[in-house]
Amino acid sequence: MKVRVRFAPSPTGLLHIGGARSALFNYLYAAGSGGGLVLRSEDTDRERSRVEYEESIADALDWLGIAWQEGLRVGGECAPYRQSERLEVYQRYVEKMAAQGYVYECFCSEEELEAERQELMARGELPRYLGRCAGLTPEEKQDKRDQGMIPSLRFQVRPGDPVVIEDQVRGEVVFDREGIGDFIIVKSDGLPTYNFAVVVDDLEMNITHVIRGEEHLSNTPRQVLIFEALDETPPQFAHISLILNDHGKKMTKRDGDTAVADYREKGYLPEALINFVGLLGWSPPGEKEILTIDELIELFSLERVSKAPAVFDKNKLDFFNAHYIRECSGERLAELIFPFIRTKLAEQEDLSQKDFLQGSFSGEGVAGGQIPSPWLIAFAETIQEKIKTLAEARDFVDVLCGPHVGDLDEEAREVLRGSAVGVVREAFRSRLEGVSELDGVRVKSILKQLGKDLGLKGKDIFMPLRVSVTGQMHGPDLDRVFALLGVENILARMGETEKYLS
RNA sequence: GGCGCGUUGGAGAAGCGGCUUAACUCACCAGCCUUUCACGCUGGCAUUCACGGGUUCGAAUCCCGUACGCGUCACCA
């Protein structure tokens, strides 16, 4: 039988890291076994569901490179893929189960239910519904209706053997039927509850494997009971552990960046996020951890999914991101960086006419858009090894653009007070005379010759020049920096730092 | 509280009864490389696998108990 898995988020918020991992694991499993992935929207919560969220979730998956063959946006044989549009389907199943006597109307109010729960808890018993409305006579029901009460529908849990779940990750998990009270399958607003809708949809959509978060494990017996009442075989279950924050708690919005979109905005690459998230609760068989999505597909298996929860470690994410940034071609990095530095670049008044702003982007780029200018590519290559996120590129704009040096800190000023500084600067300046185009090779040879002529080595010649031109103690290789700035800017900046000389 | 799940270094983890005096990766520390910072390279970082019992010639690996953590007990998913 062909593997069919699904990712079924409820559109009540952005796609968060945990959801992304569930989607990823489903995707990897499907792709690795020649199966398919279905994207379904579980929007039965009328209050909280919103189409915008559904869109943003699909966008996030697209961006990550997690592709689904069926469902939202792409359609398919089992359409519709939005639960709110499948009400007739659920109705059919309600009737099927009602015919077997599994369904009854419940008129209990929220207050009554709460009171019952409290009482059971106080007695130290399992809070659950005791079936008060199960024995209502037709007259009593009519009476309640006449009073304007709208019933919900409950599933009757019958006594029997414990429910055994063969979980692909956790092994055999056993639940007692007595601990499960009759639960609601259709709310009084006519919409099915989660536990009912998943079962129907997984059945109708021929889902073979349900891979989802551990928080669903305790719900699984209810779902199995419904499968049983329907006389159907449940799919294989695989419950993956939770992702914890660094305090060991379940990651929630309050922990700050939990949405995939947050990371995209901060300048993380999709391949870095995929690599990182893929290693959360799963480990590859070999020693290699830097893995592309295709390699993950190749290596992924449920057997290697960990039972223990995983802590989200931003350090490691940063490591992956820095790695993938370093792997980019200059052209792609330039394209990726552009949106992050666009406004900053625009502030550089004297550079605004340079081609990297608009004119640079014409023709076909690697990402299918436009081609970045040679300058932008050089800029990208210059900072490539310095940044962990794309957003950090912003910090380099002022340093590598324009005729102005920012304020120098005390350490930098100290460097310029050195005795040989004036000589080095003058020698450098004179060598720049008559030079119109600077490139890395040219800069290198100028600096080399300079050192030779003055009889100075390394630090003594490079630090004064670095500080004179960039105002900084650290930064990318000087030859690249100078080539990027150009003669005019270098001279202008040296003029500005003149005042710091002793 | 009931039920369920988990517990190997700061983090991700490998380990599936002897090959483990516990791989690998991130972080951290030291050294090397280098015109700075980074990158890269080399080395260091758990005598010990939550704790206590037991089984066994032998246990991180199997069993039991305890502790701790997490999840779940909704007309939310």
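Predicted model: local features only at pLDDT ≥ 70, side-chain atom pairs only at ≥ 80, totals over all residues.
**Exercise 1.** Work out why chain A is described as more spread out than a compact globule.

*Solution.* Begin with the secondary structure, in which chain A has 19 helices and twelve strands. Then turn to the C-alpha trace, which spans about 105 × 45 × 40 Å along its principal axes. Finally, note that buried residues make up 34% of the 502 residues in chain A.

**Exercise 2.** Determine how many residues of helix H7 are buried, and which they are.

*Solution.* Helix H7 covers residues 220-229, and a residue counts as buried if 20 or more other C-beta atoms lie within 10 Å of its own. By this test seven of the ten residues in H7 are buried, which makes the helix mostly covered. The buried residues are Thr220, Pro221, Arg222, Gln223, Leu225, Ile226 and Ala229. Just after H7, Asp231 takes a positive phi of about 65°.

**Exercise 3.** Describe the side of domain 1 that touches domain 2.

*Solution.* First locate the two parts: the domain assignment gives domain 1 as 4-73 + 243-316 and domain 2 as 86-240. Their C-alpha centres lie 28 Å apart, and the contact takes 17 residues from domain 1 and 20 residues from domain 2. On the domain 1 side, strand E1 (4-7) and helix H1 (17-32) are the elements that give two or more residues, and H1 gives the most, with five residues.

Methods:
Residues numbered from 1 in each chain as written. Chains lettered and ligands numbered in written order. Helix = DSSP H or I, 4+ residues; strand = E, 2+ residues; numbered from the N terminus. Rg over C-alpha atoms; globule rule 2.2 N^0.38 Å. Buried ≥ 20, exposed ≤ 12 C-beta atoms within 10 Å, placed from the backbone. Domains from an automatic or database assignment. Contact = placed C-beta atoms within 7 Å.
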